[in-house]
Amino acid sequence: YGGRGPILLALGSLGLGAYCIPWSADLFGANGLSACLFVMGLCEGPSYPSMGTLLGRWIPAHERSKAVSISDTGSSLGSMLTFAVAPPLATLYGWRTTMRLWAYACLLSTAVWYVYATNGPDECIRISVRELEYLRQHGIGKAPHHDKKGRHAPFPYALFRFSQAWAVIIAHAAFNFGRYFVYNSLLQFYVEELGTSAVAAGQHILVGQIFDCIGKFGFAPFADRAIRNNPASRTKVRKVISGVAFVAFAASMAGLAVSYSVAAATCWLIVAKIASSAHVCGFKSNYLDLTQTHNGVLTGVGNMIATFASTVSPLLGGSLLDGSRRGWESMFLTIGLLDLGAAAFW
């Protein structure tokens, strides 16, 4: 059915959920807050594979790095806005007002998506004839949903017999394991280990998000140019970029493990963010390379496993972080070793 509907549901659910968070917390305490966040996450889950389906129907192979970069930058911009605006707003007006402002912004995004988004070029009334012809020349068209008898195509179990599919999935899981620990715990590292305030820590993390955006737009044109000049090099380009990115992220984790100053930690955070941003030209684009027809299924399964990895990451962090410096060092080095393993498998 395309990706437009699931993403519309995800955006609307996030907006409504964010609006209800203060109410659920006030009435039902921590359990109510957790339940509200769980429902929000449940409804938001299909957005990632749905976006992959949309990009697969819209974007030719030699433009995918740039397209995935632009799409993925939304999360970076959202994080930048959050770290820059949320702490001061919460300090001035309280977290409840801040959460409801975010809910209004999300509902506005839902309305914009409803008006302008389409499942593919064939449904878009704003696309020109020239643009449509260009997409047709590069094999982009309406994705098949049915077999010759008009029935819905079965679940593509055979897709997961290929090592290439599992290489992308495992790379995604390793990426999420490190990424979400950094997202969830690095502010705590700045405050508890480096002695900064929460607002100052947010500003330092914001610097990392800025470099994350720069990296995404910086790597993509070179990757697309290499693939356009030599289409047969597409897999090699993806492998080199994500392989080097995993090694660089592992190095940044080792650097954070031995950082005792805010300046040093922020420098290594920048390295980590740049390394993470390179993956938009690596395994994230490789999802689209492997299959167009079943991209939603492949991306959905990959994101499900990667989400499990992002859940394990803070749980492991909770067991290792015992209030001592050694706990942080152990967690950073664990992530680094995992990324080195992911680089080798990739």
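Modeller: Let us begin with the bend, which at a residue is the angle between axes fitted to the seven residues ending there and the seven starting there. Please keep in mind throughout that this is a predicted model.

Colleague: With that idea in hand, where is the kink in H1 centred?

Modeller: The kink in H1 is centred on Phe28, and its angle is about 145°.

Colleague: Now for pairs of helices: at what angle do H11 and H12 pack, and how far apart are their axes?

Modeller: Helix H11, residues 295–320, and helix H12, residues 325–345, pack at an angle of about 150°, and their axes are 9 Å apart. Angles over 145 degrees count as roughly antiparallel, so H11 is roughly antiparallel to H12. The contact brings together Ser313, Leu316, Gly317 and Leu320 from H11 with Gly327, Ser330, Met331 and Thr334 from H12. By class, these contact residues comprise 3 nonpolar, 5 polar and no charged.

Colleague: Why might such residues be spaced along a helix as they are?

Modeller: The general idea is that an α-helix has 3.6 residues a turn, so residues three or four places apart point the same way. As for handedness, H11 and H12 make a right-handed crossing.

Colleague: Which residues of H2 and H11 make the contact between those two helices?

Modeller: Helix H2, residues 47–58, and H11 have axes that come within 8 Å and cross at roughly 150°, and the two are therefore roughly antiparallel to each other. On the H2 side the contact is made by Tyr48, Pro49, Gly52 and Thr53, and on the H11 side by Asn295, Gly296, Thr299, Gly300 and Asn303. This contact has 2 nonpolar, 7 polar and no charged residues.

Colleague: And what does H11 meet in H10?

Modeller: Helix H10, residues 283–290, packs with H11 at an angle of about 145°, with the axes 8 Å apart, and H10 passes H11 in a right-handed crossing. Here Tyr287, Leu288 and Leu290 of H10 meet Asn295, Leu298, Thr299, Gly302 and Asn303 of H11, and the contact residues divide into 4 nonpolar, 4 polar and no charged.

Technical notes: Residues are numbered from 1 along each chain as its sequence is written. This is a predicted model: local features need pLDDT of at least 70, side-chain atom pairs count only at pLDDT 80 or more; totals for chains, interfaces and linings use all residues. Side-chain values use heavy atoms; hydrogens and water are left out. Axes are lines fitted to C-alpha atoms, for helices over the stretch in contact, and angles run from 0 to 180 degrees between N-to-C directions. Helices (H or I, at least four residues) and strands (E, at least two) are DSSP runs, numbered from the N terminus. Angles under 35 degrees count as roughly parallel, over 145 as roughly antiparallel, 65 to 115 as roughly perpendicular and the rest as oblique. A crossing is left-handed if the near helix is turned anticlockwise from the far one by less than a right angle, and right-handed if clockwise. Contact means heavy atoms within 4.5 Å. Ala, Val, Leu, Ile, Met, Phe, Trp, Tyr, Cys and Pro count as nonpolar, Asp, Glu, Lys and Arg as charged, and the others, Gly among them, as polar.
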